[in-house]
Amino acid sequence: MYTRLYKFLTSNGILNDKQFGFREGHSTSHALNFSIEHIREKLRLKHHVIAVFIDLSKAFDTLDHNILLEKLESYGIRGVANDLLRSYLTNRNQYTSALGESSGLNPIIYGVPQGSCLGPLLFLIYINDLCNSSDLGEFVLFADDTNIFVSDPCENMAYQKANNILKCVQSYMHVNKLHINASKSCYMQFKPTRIKGSQSQNHSVRIGNNTLEKVSTTKFLGVIIDEELSWVPHINDLSKRLKYHIGSIKRIKQNIPSTLHKSIYHTLFESHLHYGITVWGGVSKSKLDPLFKAQKKCLRILFGDEEAYLNKFKTCARTRPIESMNLGKEFFKKEESKPLFNSNEILTVHNAYIYHMILTTFKILKYTKFEIGIIFVAM
């Protein structure tokens, strides 16, 4: 069912291009790159950009089955196929069991079955037309993460557009029985270079009767974005998380075979270091220094000379023989990390950025409608 339904939707171009979640050839990396490039392009044109980050309350649990089936029919999924999906969604019951006692059965009239492969796809179909609710801004959707980017050369007009588009979104959510959590939603303003640092006028962004909080940093698809696009808050946060994982690696290293040390590195360290690197990894080397130092420390602990790096500090200098109390440069000299990178075929954070940029570019080219050969000729 999933394969045939997804093939039908993609072959007929039904799924909106701005929906990046649960789709082949789409990922958080693509959504992040598209969003940040859109913001930068508008800033280059000297536009004010208002980014609204909307949080939906229990989105997968509030889908109305009748509305979903009507949308499926409007997209061409009719007859037996529609009846089959109706049968899949309806006549389900739920109950709670605890300490040997069970509650009575209650019918499930909202939501999609979670834990199944069809659940996320049906949700994508349900909110597929959200982007059509207004043409005043750019929508970027990743499953139930809804993000809207509004821009205009005039700051007042940008805020006016943002409030108008949110009225349309509010109406859409009401009609489709979805709920916006205004307390967890927020917005951020990006200013063009020529007026950065100037005093902003007293503006507000509202959803219904709720005024959204204006923030200078927020987590966007797992990456901390700031109003200056400096990526310093994200790098600082990532550095703290990497130090925590280094401590975990140091504690468990002795109890794990050396053959698995590289797997530990990829799982506990590299997976965090490389996430979203195509977005924030292009900053200056000085900004990447905390991450590079953490990476070298992790490699020395896992693959380096343990005696040279860890055990020599276990004994206080005062307990050493008198001729060994004077610790010279050689004692404090750290093991060279370059051979550790080379022997274990591990990329530095700087080279990882280049690698992932190339990889992402080829992925995008693979799923575009243009022939790669034409692009290369144009270059």
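Biologist: Is Leu-347 buried, partly exposed or exposed?

Modeller: Buried means under 20% relative accessible area, exposed means over 50%, and partly exposed is in between, for a 1.4 Å probe and protein chains only. Leu-347 has a relative accessible area of 33%, which means that it is partly exposed. This is a predicted model, in which local features need pLDDT of at least 70 and side-chain atom pairs count only at pLDDT 80 or more, while totals for chains, interfaces and linings use all residues. Residues are numbered from 1 along each chain as its sequence is written, and side-chain values use heavy atoms, with hydrogens and water left out.

Biologist: Where does Leu-347 lie, and which nonpolar surface patch is made with Leu-347?

Modeller: Helices (H or I, at least four residues) and strands (E, at least two) are DSSP runs, numbered from the N terminus. Leu-347 lies in the loop between α13 (338-343) and α14 (349-366). Patch residues have over 30% relative accessible area and no salt bridge (a Lys or Arg side-chain nitrogen within 4 Å of an Asp or Glu carboxyl oxygen). Like charges are joined within 9 Å, and nonpolar side chains (Val, Leu, Ile, Met, Phe, Trp, Tyr) within 5 Å. Areas come from the Shrake-Rupley method with a 1.4 Å probe; for residues, only the protein chains shown count as cover. Here Leu-347, Tyr-355 and Leu-359 make a nonpolar patch of about 250 Å².

Biologist: Which phi does Lys-177 have, and which does Leu-229 have?

Modeller: Most residues other than glycine have a negative phi. Lys-177 has a positive phi near 60°, and Leu-229 has a positive phi near 55°. Lys-177 is in the loop between α6 (155-175) and β8 (186-190), whereas Leu-229 is in the loop between β13 (223-226) and α7 (232-252). Lys-177 is partly exposed because its relative accessible area is 37%; Leu-229, at 13%, is buried.

Biologist: What does Thr-62 touch?

Modeller: Contact means heavy atoms within 4.5 Å. Not counting residues up to four places away in sequence, Thr-62 touches Ser-57, Tyr-110, Gly-111, Lys-177, Leu-178 and His-179. Thr-62 is in the loop between β1 (48-54) and α3 (65-74), and its relative accessible area of 14% makes it buried. For a polar contact, take a pair of N or O atoms within 3.5 Å; within protein, one must be able to donate a hydrogen and the other to accept it, and residues adjacent in sequence count only if both atoms are side-chain atoms. A polar side-chain atom of Thr-62 lies 3.3 Å from the backbone oxygen of Ala-59.

Biologist: Which residues in α3 are buried, and what do they pack against?

Modeller: In α3, the buried residues are His-65, Ile-67, Leu-68, Leu-69, Lys-71 and Leu-72. They pack against α4 (80-89), α5 (118-126) and α6. At the start of α3, a side-chain oxygen of Asp-64 comes within 3.0 Å of the backbone nitrogen of Asn-66. Just after α3, Gly-76 has a positive phi of about 105°.

Biologist: How many disulfides does the count come to?

Modeller: A disulfide is a covalent bond between the sulfur atoms of two cysteines. The test is a pair of cysteine sulfur atoms within 2.5 Å, and the count comes to zero. Cys-154 is partly exposed at 32% relative accessibility, and Cys-168 is partly exposed at 30%.

Biologist: What does Ser-204 touch?

Modeller: Leaving out residues up to four places away in sequence, Ser-204 touches Tyr-159, Asn-163, Tyr-187 and Thr-211. Ser-204 is in the loop between β8 and β9 (206-207).
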